[in-house]
Structures are given as C-alpha cells and as structure tokens.
Amino acid sequence: MRILIISDIHSNWPALAAVQEPFDVCLCVGDLVEYGPQPIEVIQWVRERALHCVRGNHDHGTAQNIDVFGVGGFRYLTMATRHSTIELLNADDRRYLADLPTVKLFTLAGKRYLMVHASPRDPLDEYVPADAAQWATRIAGFAVDYVLVGHTHQQFSMDVGKTKVINPGSLGLQRDGNPMARYAIIDNGQIELKQIEYDYEATVAALGNTSFDLKAKQMLADVYRTGRYVHPTTGVNGHTEMNGSYAKVKAIA
Ligand SMILES: [Fe+2]
C-alpha cells in the first residue's frame, strides 16, 4: 500500500496540484486553509481524496471565525487572510472544516496510526520540534506504529521507541528558506520525505484575485518565492518572530 501524507497546504492550490504521486490512500494532517489564495480548490481536493483528515489550527480559526491578534510576520498574515478565506467558502465547506476531528486513530494495512495536527497534548497549537525526547513524552501510552503530525512546517521522520513519528512538512507555505513543496510517502513501510518544485508564480498571480490587503500580498509573494518571511526592517526571520509571539500568548494564557 502506497500512502500519500500531506499537511499545511494553506490554500496553495498550485502546490497541491503539483503532487503527481500515485497513491492508494491519502492522509491529510490539517491546515488546509489560510495564508494562500485558493481555499476552495484545496478543500475540494482533500474532501474527494483524503481517507482521513484532521483539523489544523487554521482550519479551526476559519471554521469558527476567530479573531487574530498580533502584528508580526505570520500572525499578521493569519489576521489578513482569515476573513477573505471565510468570504470565499460556502457554509458546507466551513462545516467540513468545523467537523474535522482533532485526533484520529485508525488501522491501515495492519498498522496502527495516530494522526494529529500539532500534538496529542494540545492537538491544535503545541509546537513540538523534531526532538525524540519531547515526542516520547507526547506519545507515551499510544500503542501505535505511526504518529503523523504537521503544524511546525518542519519535515522529519524519526524513531521514538517502536513508533515512527512523521511530519510530512508543509505542502504550501515554507519557512526554512526553501520554497519547494513538501510531503511524505509510506510505501509498504518505506518512508520517503519528498520535496518538489511547483509553479509558485501561479500562486503569487492568484493573490491578485483575493481581497487581501497589499501588505499581505507582498509578504506572501516573498514567502512563496523565497521560502521564508524576513521582516523588511528588522531582518528577523518570520518563523522566529512567530514563535516569539506564540510563546508570549501561551504564557499569558
Ligand atoms: Fe500550518
């Protein structure tokens, strides 16, 4: 059985359309929407093809129309694209996002899977890096062969005890300086971490059809072309900036 694992598509239809893998089963680890210009096409593709899909924090934000606070980097982009995403989607698509489970346990070809966007401890929001010790505490008690996660946009595969923890990386929004689209394949137990070229200029062009503000369009065009966001005056990488904002929010909460 050949399993395609995708995550963090973020309304980037040209990136998703570039995945030309044959597969028997598709699994989606959440964050279908926000940031990008084409949520309708992405949701339709996932609804038609993914056997299982879990809800990401951005799917939740769009489904529930949650306000975003913060002016830096990716927090600004979430705020600037959420309302436009909601306007584009019909009630049925938003209901689909709202109904997605946050944690999914299932068996495929005799192997047990746990799928969650962020972590079992905090399914929508916790950032857990590619660190086996941290994952060991998160998945203790789950007797599964595979744990599939997303959220950090960091592609990895690691052994944690007898469990393989896989993050397929982000299909549609990179933060590491490499603009290529990422996903993963499990083919009869062999794990492949993939990165492919896609037509990111088509994604940039599609921004022109959105109601995003000019600042958001320019920031996103930079992210699609360079694979990261760098603050124009401070030079701070957006990922670092985002994590800083996030840590502050969590500390207050
Ligand atoms: Fe994401």
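Predicted model: local features only at pLDDT ≥ 70, side-chain atom pairs only at ≥ 80, totals over all residues.

Reader: Which strands does β9 pair with?

Author: The general idea is that two strands pair if DSSP finds at least two bridges between them. Here β1 and β9 run antiparallel and are joined by four bridges; Arg2 has Asp187 in β9 as its bridge partner. On β10, β9 pairs over seven bridges, also in the antiparallel sense, and Ala184 stands opposite Leu193 there. The strands β9 and β10 form a hairpin with two residues between them, and Asn188 in the turn has a positive phi of about 50°.

Reader: What is the order of the strands in the sheet that holds β9?

Author: The order is β3-β2-β1-β9-β10, an open sheet of five strands with mixed pairing. At its edges are β3 (50-53) and β10 (190-196), each of which pairs on one side only. From one strand to the next, the twist averages 25°. Such angles run from 0 to 180 degrees between N-to-C directions, and the axes are lines fitted to C-alpha atoms, for helices over the stretch in contact. As for the parallel part, β2 (residues 25-28) is joined to β3 by three bridges, and Leu27 stands opposite His52 in β3.

Reader: Which helix packs on that sheet?

Author: Contact means heavy atoms within 4.5 Å. By that rule helix α2 (residues 39-49) packs on the sheet and touches β1 (2-6), β2 and β3, with its direction at about 110° to that of β3.

Reader: What is the strand order in the other open sheet, the one with β4 and β7?

Author: It reads β4-β5-β6-β8-β7, with five strands and mixed pairing. Five bridges join β7 to β8, and the two run antiparallel; Met158 has Val165 in β8 as its bridge partner.

Reader: Where do the buried residues of helix α6 lie when seen down its axis?

Author: An α-helix has 3.6 residues a turn, so residues three or four places apart point the same way. In α6 (residues 132-139), the residues Trp135, Arg138 and Ile139 are buried. Looking down the axis, the buried residues fall within an arc of 80°, so they line one face of the helix; the arc is that of the directions from the helix axis to the C-beta atoms. These buried residues pack against β6, β7 and β8 (163-167), and α6 lies across those strands at about 65° to β7.

Reader: Which residues are the protein donors of the iron ion?

Author: Donors are N, O and S atoms within 2.8 Å of the metal (3.2 Å for Na, K and Ca); water is not among the atoms, so sites may look incomplete. The protein donors here are Asp8 (OD), His10 (NE2), Asp31 (OD) and His153 (NE2), lying 2.1 to 2.3 Å from the iron ion. Asp8 lies in the loop between β1 and α1 (13-17), and His153 in the loop between β6 (146-148) and β7 (156-160), so the pair ties together parts that are 145 residues apart in sequence. Both Asp8 and His153 are buried.

Reader: Why is the arrangement of the donor atoms irregular?

Author: Four donors count as tetrahedral if all angles lie between 85 and 135 degrees; four count as square planar and six as octahedral if opposite donors are over 155 degrees apart and all others between 65 and 115; anything else is irregular. Around the iron ion the four donor atoms subtend angles of 84 to 174°, which makes the arrangement irregular.

Note on methods:
Residues numbered from 1 in each chain as written. Heavy atoms only, no water. Buried < 20%, exposed > 50% of the residue type's maximum accessible area, 1.4 Å probe, protein only.
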